Amino acid sequence: MARFSVILAVLQVLSVPAFAKHGEKRGEDHERGKHDKEYVPARGPAEVRNPQHDARQSGDYRDAEGHPNAPHVHRDGRWVGHDSGREDVHYHVDHPWEHGRFNGGFGRRHIYRIEGGGRDRFWFGGYYFSAAPYDYDYCDDWLWDRDQVVIYDDPDHVGWYLAFNARLGTYIHVSFLGR
């Protein structure tokens, strides 16, 4: 019986750091603004029929406590920050699809690991992309050598795709630079 008590005590002592580390990790997640890191949208946003006030003008996307101050996606499929419509001058492209179209696969069945680069040029699987300059502030915390992204077609902004960061739950507009 004494031997069992000693083993139980040792196991309890050894489990404390594991729980502490788990709690610390969750705290970091909350600090970074992650609100639903397990969710990857099944599809991209619907076409905007009645453009709304762009949240970027007010500089705040936090629509609920704990949500990131960046364009993000809710579990109900609502793409927060994607409501400016086709006429948004920030996403006008003179020569859409200049480098061809991305054909690597769209949606949550196609999760890609970023292999390197930065916001000006990043890649995965031999596909190269660039973030929209207007979205630079929203990808400052992306990890360009390991974050997982999902690509969606942008129904409103010709020449752009949406890259959803699965770790952060946020997204940016990206242009395809080719293969």
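Over the ring of which residue does the charged end of Arg 179 sit? In this predicted model, the ring is that of Tyr 127, and the charged end of Arg 179 lies 4.2 Å from its centre.

Phe 102 belongs to the loop between strand 2 (79-80) and strand 3 (111-113), whereas Tyr 127 belongs to strand 6 (residues 127-131), so the pair ties together parts that are 25 residues apart in sequence. Both Phe 102 and Tyr 127 are buried. A tilted arrangement is found for Trp 123 and Tyr 128, with 5.8 Å from centre to centre and 40° between the planes. Here the two partners are partly exposed: Trp 123 has a relative accessible area of 25%, and Tyr 128 has a relative accessibility of 23%.

Trp 97 is located in the loop between strand 2 and strand 3 and is partly exposed, at 21% relative accessible area. The backbone of Trp 97 has a positive phi, near 60°, although the residue is not a glycine. The loop between strand 2 and strand 3 is also the place of Asp 88. Asp 88 counts as buried, with 9% relative accessibility, and its side chain makes a polar contact of 2.8 Å with the side chain of His 90.

The largest nonpolar core comprises 24 residues, and Phe 102, Phe 124, Phe 129, Trp 142, Ile 151 and Ile 172 have the most contacts inside it. At least two residues of this core come from each of strand 5 (122-124), strand 6, strand 7, strand 8 and strand 9. Beyond its neighbours within four places in sequence, Trp 142 touches a range of residues, among them Ile 114, Val 149, Ala 163, Asn 165 and Ile 172. Another core, of 10 residues, lies apart from the largest one and includes Tyr 39, Tyr 152, Leu 162 and Phe 164.

The partners of strand 8 complete the picture. Strand 7 (residues 148-153) pairs with strand 8 in the antiparallel sense over 5 bridges, and Asn 165 of strand 8 has Val 149 opposite. Strand 9 (residues 170-178) is likewise antiparallel to strand 8 and is joined to it by 5 bridges; there, Val 174 is the bridge partner of Tyr 161. Strand 8 and strand 9 form a hairpin with 4 residues between them, and Gly 169 in the turn has a positive phi of about 80°.

Terms used: Residues numbered from 1 in each chain as written. Predicted model: local features only at pLDDT ≥ 70, side-chain atom pairs only at ≥ 80, totals over all residues. Heavy atoms only, no water. Pairing = 2+ DSSP bridges. Buried < 20%, exposed > 50% of the residue type's maximum accessible area, 1.4 Å probe, protein only. Phe/Tyr/Trp six-rings, centres within 6.5 Å; stacked < 30°, edge-to-face > 60°. Lys NZ or Arg CZ within 6 Å of the ring centre and 35° of its normal. Polar contact = N/O pair within 3.5 Å; in protein donor to acceptor, adjacent residues only side chain to side chain. Core = buried A, V, L, I, M, F, W, Y, C linked by side-chain atoms within 4.5 Å. Contact = heavy atoms within 4.5 Å.
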